[in-house]
Amino acid sequence: MSRILVVDDNEINIQLLQFELDNEGHTTVAARSGREALSLLRQGATFDLILLDLYMPLMSGIEVLRALKADPLLATLPVIMVTASDLDDSMIEALDMGADDYVTKPFSFRVLAARMRTSLRLREVQEKLRATNRHLNMLATTDALTSLTNRRSFMQQSDREVVRSIRHQQGLVMAIIDVDHFKRVNDCYGHAAGDKVLISLAKELKGQVRECDILGRIGGEEFAICMPQTETEQAVIAVERLREAVESMEIDIGGQVLSITLSIGLSQLHGSDLNLIEIMREADLALYQAKNEGRNRCSIH
Ligand SMILES: Nc1nc2c(ncn2[C@@H]2O[C@H](COP(=O)(O)OP(=O)(O)OP(=O)(O)O)[C@@H](O)[C@H]2O)c(=O)[nH]1
């Protein structure tokens, strides 16, 4: 069943509620003041629902509710207010503040139990919705083949970094990486083998970049790394290491082992007039140059 936090300063109320809730199969924890309740919750105790007495000395139910709603980790916990009178403005304030429901003392436990079921059902639906949203967000930002950040998300994240770097006048380098003669891989070994190569390459790239770099698959056989707080010289060292690591990879495509090489174009953010589109365009020009100069190399704009 559910874990319920009963917040009440009155010992008899606590015992009555605990008795009824335990009978229903719930696990009940009591807090004798608002402070005790908040301290329990902030220490990480998890509950499915809170029964919160409106009138308590030192810290009222309204104050506890306000603190809960201000805390992103606790704001979605369902709260049922327990009050002596529903004619009170505080009750309206509590509902406006986000309390799910209320019961008026003396209450019938069957009514309270029914209201708790409604709140718990609602919480369950909300949790499912949140999980679905998280999953949808993951799908919308992730490349299905390689599990890397997809183009749209890469551009969004990089744009934030470019704006931040301009504001703080810090260096930022963009690298655009393209597999050399990738069409030949598909043509000679089939599209499935090509996919395997891209998956292996993505894994290698992921292992090579720094935690704070943004790595994405921005096209078919095209990847990019946005490197904040980086100067061109450091970026060259990093991408050269990466290029060499990929060159020496032995990619098993099921019985056969393949090798690939990369061409890389680099561009550094210089001056406050440069934006993401421009820095990407410049990195693309450098990539074009690397291809023209014979591939398997890095070129700087
Ligand atoms: N297997 C596979 N192939 C892809 C995918 N996306 C793009 N491609 C292939 O990547 C190849 C890219 O070819 P091109 O743009 O001609 O470039 P390239 O052969 O790599 O030659 P250079 O870039 O000039 O060195 C095409 O054959 C695309 O079909 C994918 O998701 N999987």
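User: Before we start, how are helix axes and angles defined here?

Analyst: Axes are lines fitted to C-alpha atoms, for helices over the stretch in contact, and angles run from 0 to 180 degrees between N-to-C directions. Helices themselves are DSSP runs (H or I, at least four residues), strands likewise (E, at least two), numbered from the N terminus. Keep in mind that this is a predicted model, where local features need pLDDT of at least 70, side-chain atom pairs count only at pLDDT 80 or more, and totals for chains, interfaces and linings use all residues. Residue numbers run from 1 along each chain as its sequence is written.

User: What angle do H8 and H9 make, then?

Analyst: About 145 degrees, for H8 (residues 191–208) and H9 (residues 232–247), with the axes 10 Å apart. The contact (C-beta atoms, placed from the backbone, within 7 Å) involves Leu 201, Glu 204, Leu 205 and Gln 208 of H8, plus Arg 241, Leu 242, Ala 245 and Val 246 of H9.

User: Where are the domains?

Analyst: Domain 1 is 3–134 and domain 2 is 151–300, with bounds from an automatic or database domain assignment. Their C-alpha centres lie 52 Å apart.

User: And how many helices and strands are there?

Analyst: The chain has 10 helices and 12 strands.

Notes. Contact = placed C-beta atoms within 7 Å.
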